[in-house]
Amino acid sequence: MTSTTPRLLIVAALGLLALTGCAATTDTAAPHTAATSTATAAASLTITDPWVKSAETGMSAAFGTLVNVSDTDINVVSAESTAATMIELHETVADDTGAMVMQQKEGGFIVPANGTYELAPGANHLMLMGLTEPIVAGAENTFTLTLSDGSTVEFTAPAKDYSGANESYDK
Amino acid sequence: MLVDQPGRRLSRRHLLLGGAAAGIGAVGAVGIELATNARPQVVGQPLNGAQTVPFYGAHQAGIDTVPQSNATIIALDLAPTTDAATLRRLMKVLTSDAARLSQGEAALADSEPELAVAPARLTVTFGFGPGLVAAAGGTAPTWLRPLPAFGVDRLDPAWGDGDLLLQIAADDALTVAHATRMLLKDSRSFGTVRWVQTGFRRAPGSVKPGTTMRNLFGQVDGTVNFVPGTPDFERLVWGAADNPGWMLGGTGFVLRRIAMDLDKWDKLDRSGREASVGRALSNGAPLSGTNETDAPDFAAKTAIGFLVIPEFSHLRRARSENPDERILRRGYNYDDAPTGGSVSNSGLLFVSFQANVDAQFVPIQRRIDALDLLNVWITPIGSAVFAIPPGCAAGGYIGDTLF
């Protein structure tokens, strides 16, 4: 079995959420997506390969690839997690001096219809601020994304030690 | 233009490429022709790098897997504060890394994802030392401890023991290096590297598949071995023995780092070399037979009454009358940088798998220790024993039967 199978199971399971309690087996790296209703934008949004950078205190960031299987754009407007007192949706852009800085993404993330939106070190990411406790490698952290129609997508992301993703913070 | 050259037979490929290149002129087309000629490829032959070994299953991979060409074997010492919860976190991360990399998929947070694209039959096999089992609060197999001291041993603690074993193997040294890097950086916050031992066999495609490996003495090494799927393999490698329940589907691992004195071996003539082992150097046949797989005739005598396979030979000494005293051998050569004015620092990473180390490995080593002419040229300088837990299902992690 390849490690891509859990993802396929998740995607395939989306249409079956109301039909079955069958738990698609997933490894720690696989996404868990729970749609609040099949009629919402959340029903069409998954995240693959989510992970969060381990950190003792202060700030950290979470990454992964948002996947939209619907024919309309999906707008992620906010994110929450018990791991942090606040999460911002960030992009990384060049400032006036040419240095790459992080800043809040105006209007949130737009995941294109039948497309993906990548959250990666040095690029777009979920910015965790005010960590409630250390994020340690291998621990799983739960996140909730809120979409513009009010529906939510929940997923868990394992923490990994990672030396990168150190861009300067510019609110 | 290619298509205008008289008397030249053009392949469909030439025509297609020529046509495609028409827009950039004849020079471009010639360039493409040269490029295609320079890189002949056999249609339908899969790349070595694309081959994968399943990760998930009842047993861990890298044991019944046909040995890959390159291996890096690592032991980690875990932090003293390690407990079952810590081990769960560690093994979830390492299992995820191993599962993904073995299928040619970058690990999560892989900084060099391009190095993950050629898995080349990558396997990662994890083993638990006595310290790890104790930290997990589990019951250790009775044999999970350092081997008894043998008279031939000259053990260097730098090559011995450890809490967590990683056997990383693939048919590509770069693949092994990347997997090693990924696994070690994900282990960094849990412990420290105790030792790293690297080894090699023939590269894939160099000799006919199934050819028994040769060691750096030139000997055919590993002729008599279990075949996966046979009752012997099931019982003596995967068998439950009297191991604790969490080991079901697992096995025992022994690594002996055996220094081979190539300089002293150079002084021995060919007949002496063959007598020391009891096998022909040419094809590994027992001296009483003609083919590698011929059963040795230990009673056969020469015209003047000497045993054909000497009493002191390695073949004779390593062979037990008790069929339960057998092991799966899966070793690798090592050839490290020489030190101290020597020109060689070579030997064998003797790796064996057996359900019960005390019942299967130790008796063999005792006989070799008591008498084996080969001991003149070989010296065990490192020794480690680990319990190999079973494999896991997708969604699980290696060690999930223990913690």
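The following paragraphs describe a predicted model, beginning with chain A and turning then to a strand and a loop residue of chain B.

Chain A comprises 171 residues, of which 39% count as buried. Its secondary structure consists of 1 helix and 12 strands. In sequence order the pattern is α-β-β-β-β-β-β-β-β-β-β-β-β, so that the helix precedes the strands under the numbering from the N terminus. Among the contacts in chain A between residues at least 6 apart in sequence, 64% join residues at least 24 apart.

In chain B, attention may be directed to strand S3, which spans residues 164–170. Of its 7 residues, 7 are buried. S3(B) pairs in the antiparallel sense with S1(B) over 7 bridges, and Leu76(B) stands opposite Leu164(B) of S3(B). Strand S2 of chain B, residues 123–128, also pairs with S3(B) in the antiparallel sense, over 6 bridges; here Thr125(B) stands opposite Gln167(B).

The side chains of a regular strand alternate between the two faces of the sheet. In S3(B), Leu164(B), Leu166(B), Ile168(B) and Ala170(B) point one way, while Leu165(B), Gln167(B) and Ala169(B) point the other way. The residues of both sets are buried.

The loop between helix H2 (25–38) and strand S1 (70–78) of chain B contains Tyr56(B). This residue counts as buried because it has 21 C-beta neighbours inside 10 Å, where the criterion is 20 or more. Tyr56(B) and Gly395(B) lie 339 residues apart along the chain, yet their C-alpha atoms are separated by 9.4 Å.

Methods:
Residues numbered from 1 in each chain as written. Chains lettered and ligands numbered in written order. Predicted model: local features only at pLDDT ≥ 70, side-chain atom pairs only at ≥ 80, totals over all residues. Helix = DSSP H or I, 4+ residues; strand = E, 2+ residues; numbered from the N terminus. Buried ≥ 20, exposed ≤ 12 C-beta atoms within 10 Å, placed from the backbone. Pairing = 2+ DSSP bridges. Contact = placed C-beta atoms within 7 Å.
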